[in-house]
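Please examine the sequence and the structure shown below.

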Amino acid sequence: MTSDIISPKELSQMDPVFGQASFDDHEQIVFCNDKDTGLKAIIGIHNTVLGPALGGTRMWKYANEWEALNDVLRLSRGMTFKSAITGLNLGGGKAVIIGDAKTDKTPELMSRFGEFVNSLGGKYITAEDVGMTTEDMDIVRNVTPYVTGISESKGGAGNPSPITAYGVFMGMKAAAKFQYGSDVLEDKNIYVQGIGHVGEALVEHLVNEGANVTIADINQERLEEVRSKYGVTIYGGSDIYSEPMDIYAPCALGATINDKTINRLKAKIVAGAANNQLEEENRHGKILQERGIVYAPDFLINAGGIINVYAELENYDKQEIMRKTENIYNTTLEILDNAKVNNITTHTAALNIARERIETRKRENSK
Ligand SMILES: NC(=O)c1ccc[n+]([C@@H]2O[C@H](COP(=O)([O-])OP(=O)(O)OC[C@H]3O[C@@H](n4cnc5c(N)ncnc54)[C@H](O)[C@@H]3O)[C@@H](O)[C@H]2O)c1
């Protein structure tokens, strides 16, 4: 997690909270402790100008508290901009639980966590993230209404991954329109790295469109399964970044665009589902721009999941969810054009529009 980029030693030399590397004027940070269940959690509320801070809960074996705090600061900030750029009336928040989801998670711990969420009176609304399941959210729902991503049988919106994949597909088509003058992906060579919940659903869209899809994953079984289902090619090499391709779709881990990979990249477009694809947003965004590689900002094109969750709060039907997700195409094109006109990176263009929306609402709210 965060310590991949900043060492725990460096983190511990910064001021405990307000001086942390990822602190960005967060409104509220709540430390939660419960001796009986062993719960140690941090809830980060970055910004609530547009609405309640919504973002998932991540349970992870953080090496130390610094790492957990930085992760929640970074992730909650990301949620603010993701919701703002998508036009949702939501702020940005996130929670982390320190521990191993496989061995430390109990129904009692989740229930106690839910009580802490409830104590914030709706300022923070939680959802699923790494280490969490729909069943965990159902437990949280027993003690607070401020949770989304619960089972469909309990009124939830269900699995967000197919919607996320559809949004990524829309963003990718918009990037193709911008780069090649046509959004048709037929015969384009597309590499999908990570064929999990989102990656597989993306592969299906791409295959239906007639693209030449190559898949990569560390899980051999998944590779065979997806190949036999869609007739795609499994990547057999050891340096995916250097492969000649039209589009690189990172759908596994973050930070795959980094100093080691960026100059090897042959793709003309980067568009995928993974969060935080650029290890260093500004510097790596700039290098992609200079190399003529179109980068569809991750937090914009992977917003289908949050749209799905928002639907649960607003009682949208499936049609409305799909319509809003399809609109990622228009927003992506708008941002790519904006970046070109202003000679800034696409990441910065997206951030500027998100920030502007928040500032406008702030001004309206203060009238
Ligand atoms: N699920 C959603 O709705 C959603 C929404 C927004 C963003 N995302 C992001 O999209 C990405 C994929 O999400 P998901 O739900 O499909 O996750 P997942 O866990 O279902 O799938 C991830 C896949 O990546 C593979 N993988 C892991 N490390 C790899 C590596 N080094 N090289 C190649 N493959 C590797 C895993 O084996 C797995 O098949 C994540 O970064 C997630 O944060 C997901």
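**Charged pairs and a helix contact**

R283 forms a salt bridge with D259, and their closest N and O atoms are 2.9 Å apart. A salt bridge here is a side-chain nitrogen of Lys or Arg within 4 Å of a carboxyl oxygen of Asp or Glu. The pair links distant parts of the chain, 24 residues apart: R283 lies in helix α8 (residues 281–290), D259 in the loop between β10 (247–250) and β11 (269–270). Helices (H or I, at least four residues) and strands (E, at least two) are DSSP runs, numbered from the N terminus. The model is predicted: local features need pLDDT of at least 70 and side-chain atom pairs pLDDT 80 or more, while totals for chains, interfaces and linings use all residues. Residues are numbered from 1 along each chain as its sequence is written, and side-chain values use heavy atoms, leaving out hydrogens and water.

A search of the whole structure finds 22 salt bridges. Another of them joins K94 and D129 (3.2 Å, N to O). K94 lies in strand β5 (residues 91–98) and D129 in the loop between β6 (124–125) and α4 (134–141), so this pair ties together parts that are 35 residues apart in sequence. K94 and D129 also belong to a network of salt bridges with R58, D71 and R74.

Within helix α11, E320 forms a salt bridge with R323; the two are three residues apart, about one turn of the helix. Helix α11 (residues 318–326) also meets α12 (residues 328–342): K324, T325 and E326 contact I328, Y329 and N330, where contact means heavy atoms within 4.5 Å.

How values were computed. Axes are lines fitted to C-alpha atoms, for helices over the stretch in contact, and angles run from 0 to 180 degrees between N-to-C directions.
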